Amino acid sequence: MIKPNLRPLLGCIADDFTGASDLANNLVRAGMRTIQTIGIPAESQKLNADAIVISLKSRTISKHEAIKQSLQAYEWLKVQGVEQFYFKYCSTFDSTPQGNIGPVTEALMDEIFGEGKGFTIVCPAFPEAKRTIFNGHLFVGNELLSESGMRNHPLTPMTDANLVRVMQAQTQRVVGLVNYDSVRAGPDEIRARFHALQNQGIGIAVVDVTCNQDLESIALATADMPLVTAGSGLAIGLPNNWRIRGLFDLNDSSDMLPPASGYQAVISGSCSQASNAQVRDFCQRGLPTFVIDPLADVSHVNIAQQAIALAEKHLKNGPMLFYTTSQPDIVKSIQEKLGVIKASEHIEKILAEIAKGLVQNGVRQLVVAGGETSGAVVQALGIKQMTIGPQIDSGVPWMSASSPCCHDETIHLALKSGNFGSIDFFTKSFTQLSNLHHE
Ligand code: ADP
C-alpha cells in the first residue's frame with residue numbers, strides 16, 4: 001500500500017534551464033511526479049509533486065550572485081519539507097575557472113552541515129548521453145572532455161578533463177575520488193569509501209561511472225546523504241530509494257501532456273557541435289530559416305521585427321528555424337569584436353525577443369537549443385512552471401507551460417542542451433509531438 005505524499009521528497013536546484021528539464025525528465029522516467037519551476041516561486045504554497053526542480057540561470061553569472069540565488073532556492077525547498085537536496089549541473093561540468101559549481105556546492109554544504117563540514121559527491125556522468133567518468137576523468141563519447149567540442153564553448157570552455165583537479169580549483173574543502181573499483185563493488189563498498197574519505201578530511205568526492213548500473217549503486221549509497229551534486233544521470237537511480245520505502249509508485253500519468261496546437265518554430269543559440277549539425281540538417285531539408293548576424297548594427301527589437309515579418313510568410317507551412325549557431329572561428333571573431341559577455345547578452349536578447357514575437361503570432365510548439373538561450377527565452381515568455389512530458393532524445397523531454405505572451409494558452413516546449421539530440425532533432429521533435437495523441 002503506497003502512502004500518500006504530504007510533501008515533496010526531493011528538492012533540486014539546477015544551474016540552467018535545459019539542465020533542469022533534463023533532470024526532471026529522468027525523474028519522471030523513474031516514476032516521480034515532477035514539477036519544474038522557472039526561478040524561485042514567489043509563494044511558499046506546497047506543490048503537489050514527488051520532486052521539485054527549481055531552474056536557475058546561474059551557471060555563468062557572478063559567483064556571489066550564483067551562491068545567493070542557490071541559497072534562496074535551498075531555503076524555499078527546505079520550507080517544502082524535502083528529504084534530500086540535489087544540486088544539478090551539466091554533464092560536461094560546464095563552469096568558468098572561478099566556478100560556479102564549486103562555490104555553490106560549498107555554500108550549500110555550509111548551510112546544511114555547518115561551515116567547512118559535511119560530505120557530498122560530484123557526479124556529472126550520464127552514460128546514456130555518453131558522459132562517463134573513469135579515474136576522475138570525464139569522457140564525452142570516446143574523447144576526454146578537454147579534447148571534445150567543449151574546449152571551444154563560448155562561455156565555459158573546458159580544457160581539463162580531471163574533475164578532481166577542476167573541482168579542487170573551485171573549492172576550499174579537500175576533493176577526493178571514489179574510483180571504479182569501489183563503484184563496481186556495489187553500494188556497501190561505495191558507502192565504506194565515502195566514510196574512509198571523510199575520515200581522511202575529504203569533503204567532496206568525484207565518483208567514477210561507466211554505465212547506468214553504476215549510477216544505481218551510487219544512488220543507493222547516497223540514500224542518506226542530505227545533499228548530492230550531480231548531472232541528471234544520478235536521477236535514474238535516486239528515486240528508487242523512496243520507492244523501496246513505499247513512498248511512491250511508478251506513476252504512469254506523470255508524462256501526460258495536453259494535445260499540441262499552433263505553429264512550430266526552432267530557436268538555436270547553441271554553438272555546440274551537435275547544434276551546428278542539427279542546424280545544417282534543418283537547412284538541407286529546404287525548410288525556412290532566419291540567420292541572425294550578431295554584428296549587424298541594428299537593435300535587438302528591430303532584428304526580431306524582421307524575423308517575425310519573415311515568419312508570418314512561412315509558419316503556416318511548417319516549422320521555421322531562427323539561429324545564431326556558428327562554428328568556433330566565427331564565434332571567436334564575434335566575441336573579439338563585442339566582448340564575450342556582451343556578445344552573449346546581445347544574442348540572448350535577440351533570440352528572446354524573437355521567441356516573444358513568435359508566440360504572440362501563434363507559435364505554440366517551440367524547440368530551443370542552448371542552455372543559456374533557453375533560459376533567456378523562457379524568462380522572456382514569462383513562464384513560471386512546466387509540466388514534464390515524454391522524452392524526445394536522452395535528456396530532452398517535451399514540456400507544456402502557459403505564457404502571458406499568449407493569454408496563458410498552452411505552449412509545448414523542448415529545451416535542448418547544446419550537446420544533446422540526434423542530427424534530425426529539429427524536425428523529428430515535432431513529428432513525435434503530433435504523434436503523441438494519435439498513437
Ligand atoms: P549550449 O547549451 O550549447 O552551451 P548556450 O545557449 O548555453 O548553448 O550557450 C551559447 C552561448 O553562446 C549563448 O550565450 C549565446 O548567446 C552565445 N552565442 C550564440 N551564438 C553566438 C555567436 N554566433 N557568436 C558568439 N556567441 C554566440
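I began with burial, and of the 439 residues of the chain 58% count as buried, where buried means under 20% relative accessible area, exposed over 50% and partly exposed in between, with a 1.4 Å probe and protein chains only. I note that this is a predicted model, in which local features need pLDDT of at least 70 and side-chain atom pairs count only at pLDDT 80 or more, while totals for chains, interfaces and linings use all residues. Residues are numbered from 1 along each chain as its sequence is written, and side-chain values use heavy atoms, with hydrogens and water left out.

**Overall form**

I looked up the secondary structure and found 14 helices and 18 strands in the chain; helices (H or I, at least four residues) and strands (E, at least two) are DSSP runs, numbered from the N terminus. The radius of gyration is 21 Å, close to the 22 Å of the globule rule for 439 residues, so the chain is as compact as a globular protein of that length; the radius is taken over C-alpha atoms, and the rule is 2.2 Å times the number of residues to the power 0.38. The C-alpha trace spans about 65 × 55 × 35 Å along its principal axes.

I then turned to contacts, meaning heavy atoms within 4.5 Å, and among those between residues at least 6 apart in sequence, 75% join residues at least 24 apart. The chain exposes about 17400 Å², of which carbon and sulfur atoms supply 50%; accessible areas come from the Shrake-Rupley method with a 1.4 Å probe, and for residues only the protein chains shown count as cover.

**Cysteines**

I searched for disulfides, defined as pairs of cysteine sulfur atoms within 2.5 Å, and the structure holds zero of them. Cys90 is in no disulfide, and the nearest cysteine sulfur, that of Cys123, is 13 Å away. For Cys123 the closest cysteine sulfur is in Cys211, at 11 Å, which is too far for a bond. Cys90 counts as buried at 9% relative accessibility, and Cys123 also counts as buried, at 0%.

**Helix H13**

I examined helix H13 (residues 371-380), where eight of the ten residues are buried, so the helix is largely enclosed by the rest of the structure. Its buried residues are Gly371, Glu372, Thr373, Ser374, Gly375, Ala376, Val377 and Val378. What covers them includes helix H1 (17-29) and helix H12 (340-360), together with strands E2 (34-38), E12 (263-268), E15 (363-369) and E18 (409-416). Just after H13, I found Gly382 with a positive phi of about 65 degrees.

**Backbone angles**

I kept in mind that most residues other than glycine have a negative phi, and that most peptide bonds are trans. In the loop between E4 and H3, Phe93 has a positive phi near 55 degrees although it is not a glycine, and Phe93 is buried, with a relative accessible area of 0%. The peptide bond from Gly99 to Asn100 is cis, with omega near 15 degrees, and Asn100 is placed in the loop between strand E4 (84-88) and helix H3 (101-113).

I also looked up Asp408, which lies in the loop between strand E17 (396-403) and E18. Asp408 is not a glycine, yet its phi is positive, at about 60 degrees; Asp408 is exposed, with a relative accessible area of 52%.

**Other positions checked**

I located Pro319 in the loop between helix H10 (300-314) and strand E14 (320-323), where Pro319 counts as buried at 14% relative accessibility. Leaving aside neighbours within four places in sequence, Pro319 is in contact with Gln264, Phe282, Leu287, Pro288 and Phe430. Pro319 and Gln365 are 46 residues apart in sequence, and their C-alpha atoms are 9.0 Å apart.

Leu247 is found in the loop between helix H8 (239-244) and E12 and counts as buried, at 12% relative accessibility. Leu247 and Leu9 are 238 residues apart along the chain, and 8.7 Å separates their C-alpha atoms. Gly389, in strand E16 (residues 385-393), counts as buried at 2% relative accessibility. From Gly389 to Gln198 I noted 191 residues in sequence and 39 Å in space, C-alpha to C-alpha.
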